[in-house]
Amino acid sequence: MPDNSPSPTELPSSRARNLVVAVAAIGLAIAMVLGIRTQSTTPSLSELANSAVPYEVAQTNGKPTLLEFYANWCTSCQAMAGDMAELRDGYGDRVNFVMLNIDNNKWLPEMLAYRVEGIPHFVYMGADAHPIATAVGEQPRQILSDNLDALIAQAPLPHRQTFGRASEVEGDFLSRQSAVNDDPRAHGSSVVN
């Protein structure tokens, strides 16, 4: 039988190779852990909406308000989520950040009142809850910040009406809303026997 044991000259090279493999594996594991910890922590639209000031509270608490009409499917809304979270962190103690989902029938009167035709649709409101200006579509953070500073100072907004890339709302609100029925018993009403 042949002798398959390593020769004395092969031992150091296999040990060195094993050591290199072990060090590389440890390095990759550390890189993965650090990569997971440093991943983007941009909140989702749902997270932002869940932590937003309720519309009814913003109407009565005496603070200026930035009202945003949005939808979870809106790519422009999603693109702005990080900026909106940062603005809320910086201004949230002085400004109400309110989010109304256009896919919720509850907000139909507000959508009609503020003439929401594209999203995101922003409404700047004074401390008295009256609208001052609007912005439709993606907005640079600096424009939003400039307007929030003016809103807090009760000064004229430097960017009174701005338009950016927006997601259009399909059809008119009444037909969209009648297509979405909140009655759980109506789920089979469109089935023809």
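The residues that line the largest cavity comprise five nonpolar, no polar and two charged (Ala, Val, Leu, Ile, Met, Phe, Trp, Tyr, Cys and Pro count as nonpolar, Asp, Glu, Lys and Arg as charged, and the others, Gly among them, as polar). Please keep in mind that this is a predicted model, where local features need pLDDT of at least 70, side-chain atom pairs count only at pLDDT 80 or more, and totals for chains, interfaces and linings use all residues. Residues are numbered from 1 along each chain as its sequence is written, and side-chain values use heavy atoms, with hydrogens and water left out.

**The cavity**

- The structure has one cavity of 30 Å³ or more; on a 1 Å grid over the protein atoms alone, a cavity is a set of points where a 1.4 Å probe fits but cannot get out, and lining residues have an atom within 4 Å of a point.
- About 40 Å³ is the volume of the largest cavity, where grid points are joined across faces, edges and corners and the volume is the space filled by probe spheres set on the points.
- Its lining is made of Leu66, Glu68, Met84, Arg88, Phe97, Val98 and Met99.
- Two or more lining residues come from each of E1, helix H4 (75-91) and strand E2 (96-101), and E2 gives the most, with three residues. Helices (H or I, at least four residues) and strands (E, at least two) are DSSP runs, numbered from the N terminus.

- Strand E4 (residues 121-125) is largely enclosed by the rest of the structure, because five of its five residues are buried; buried means under 20% relative accessible area, exposed over 50%, and partly exposed in between, with a 1.4 Å probe and protein chains only.
- On one side of E4 are His121, Val123 and Met125, on the other Phe122 and Tyr124, and all are buried.
- Strand E1 (residues 65-70) runs antiparallel to E4, joined by five bridges; two strands pair if DSSP finds at least two bridges between them.
- Strand E5 (residues 131-136) also pairs with E4 in the antiparallel sense, over five bridges, and Val136 in E5 is the bridge partner of His121.

**A closer look at Phe122**

- Phe122 lies in strand E4, opposite Glu68.
- Phe122 is buried, with a relative accessible area of 0%.

- Most residues other than glycine have a negative phi, and most peptide bonds are trans.
- Ile119 and Pro120 are joined by a cis peptide bond, with omega about 0°, and Pro120 sits in the loop between strand E3 (118-119) and E4.
- E4 and E5 form a hairpin with five residues between them, and Ala129 in the turn has a positive phi of about 70°.
- Ala129 is buried, with a relative accessible area of 12%.
- Gln154 has a positive phi of about 55° although it is not a glycine, and is exposed, with a relative accessible area of 68%.

**Helix H6**

- The 13 residues of helix H6 (residues 141-153) should span 18 Å at 1.5 Å a residue, which agrees with end C-alpha atoms 18 Å apart; the expected span is 1.5 Å times one less than the number of residues.
- Among the buried residues of H6 are Ile143, Leu144 and Leu148.

Conventions. 1 Å grid on protein atoms, 1.4 Å probe; cavity = no way out; pocket = protein on both sides within 12 Å on 5 of 7 lines; lining within 4 Å.
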